[in-house]
Amino acid sequence: MTRFLREPVSVRAAASVIVVATAAVVVLGGVVIRVLDPDEFPNIWLGMWWALQTATTVGYGDVTPKDVSGRIVAAFVMLEGVAFLAIVTAAITSTFVARAQRERGLVGDVEEEQPEERLDARFDELAARLDRLETMLRKLTNT
């Protein structure tokens with residue numbers, strides 16, 4: 001985590017942190033909901049199934065917490081699920097925006113180079129003409 005905070009974040013590194021955090025919330029949510037609402041969640045696996053469908057915002061509704069403490073856990077898992085989707089969407093969008101900016105930058109560089117190249121060619125042409133004029137003037141003054 002310290003390396004993640006110290007260095008510039010890549011999309012791959014951010015995605016891995018998001019996936020690990022979401023997996024941890026699903027596992028922890030499954031265990032906590034089992035402990036807090038054992039009547040509705042008779043085993044940890046059912047709790048993790050509920051946490052997974054809640055975090056992914058699928059919410060089948062086949063199992064739901066009935067106790068207030070279970071609903072508090074559910075609110076946390078739901079908020080994490082919404083944050084997960086928002087962050088993934090933002091990461092994908094930022095990748096597309098960065099790619100578009102790079103491509104626009106490359107096109108801009110090509111457009112900027114062309115006038116410079118034309119000016120250089122024009123200056124070379126003018127220098128050659130001046131050289132010819134100087135040569136002609138020397139010939140005229142020497143005769």
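Student: Let's start simple. How many helices and strands does the protein chain have?
Tutor: Keep in mind that what you see is a predicted model. Reading from the N terminus, the elements of the protein chain go α-α-α-α. That makes zero strands and four helices.

Student: What share of the residues in the protein chain counts as buried?
Tutor: The protein chain exposes about 10800 Å², with 66% of that coming from carbon and sulfur atoms. To count as buried, a residue has to stay under 20% relative accessible area. Of the 143 residues, the share that does so is 19%.

Student: And what share of the contacts with a separation of 6 or more comes from residues 24 or more positions apart?
Tutor: A contact here needs heavy atoms within 4.5 Å. Taking the contacts in the protein chain with a separation of 6 or more, residues 24 or more positions apart account for 48%.

Student: Now α3. How far does this helix reach from its first C-alpha to its last?
Tutor: Helix α3 takes in residues 44-55, so with twelve residues at 1.5 Å a residue you'd expect 16 Å. The model comes close to that expected span, and the reach is 16 Å.

Student: Which residue has a side-chain oxygen close to the backbone nitrogen of W45?
Tutor: Look at the start of α3 for this one. The side-chain oxygen there comes to within 3.1 Å of the W45 backbone nitrogen, and it belongs to N43.

Student: Is T54 buried or exposed?
Tutor: T54 lies in helix α3, where G47, M48, W50, A51, Q53 and A55 are also among the buried residues. Leaving out residues up to four places away in sequence, T54 touches A74, V77 and M78. Its relative accessible area is 11%, and because the cut-off is under 20%, T54 counts as buried.

Student: Let's move on to α4. Which residues does E80 contact, leaving aside its neighbours within four places in sequence?
Tutor: E80 lies in helix α4, residues 68-142. With a relative accessible area of 15%, E80 is buried. Its contacts are A21, T22, V25 and A55.

Student: How far apart in space are V73 and L36, C-alpha to C-alpha?
Tutor: V73 is found in helix α4 and counts as buried at 12% relative accessibility. Setting aside its neighbours within four places in sequence, V73 is in contact with G29, V32, I33, L36 and W50. V73 and L36 are 37 residues apart in sequence, and in space the C-alpha distance is 8.9 Å.

Student: How many salt bridges does a search of the whole structure find?
Tutor: Side chains of opposite charge can pair when their charged atoms come close. Another joins R138 and E134, whose closest N and O atoms are 4.0 Å apart. The search of the whole structure gives two.

Student: Last one: which helix holds both R122 and E125?
Tutor: Both are partly exposed, R122 with a relative accessible area of 42% and E125 with 40%. An α-helix has 3.6 residues a turn, so residues three or four places apart point the same way. R122 and E125 are three residues apart, about one turn, and the helix that holds them is α4.

Definitions and conventions
Residues are numbered from 1 along each chain as its sequence is written. This is a predicted model: local features need pLDDT of at least 70, side-chain atom pairs count only at pLDDT 80 or more; totals for chains, interfaces and linings use all residues. Side-chain values use heavy atoms; hydrogens and water are left out. Helices (H or I, at least four residues) and strands (E, at least two) are DSSP runs, numbered from the N terminus. Buried means under 20% relative accessible area, exposed over 50%, partly exposed in between (1.4 Å probe, protein chains only). Accessible areas come from the Shrake-Rupley method with a 1.4 Å probe; for residues, only the protein chains shown count as cover. A polar contact is a pair of N or O atoms within 3.5 Å; within protein, one must be able to donate a hydrogen and the other to accept it, and residues adjacent in sequence count only if both atoms are side-chain atoms. A salt bridge is a side-chain nitrogen of Lys or Arg within 4 Å of a carboxyl oxygen of Asp or Glu.
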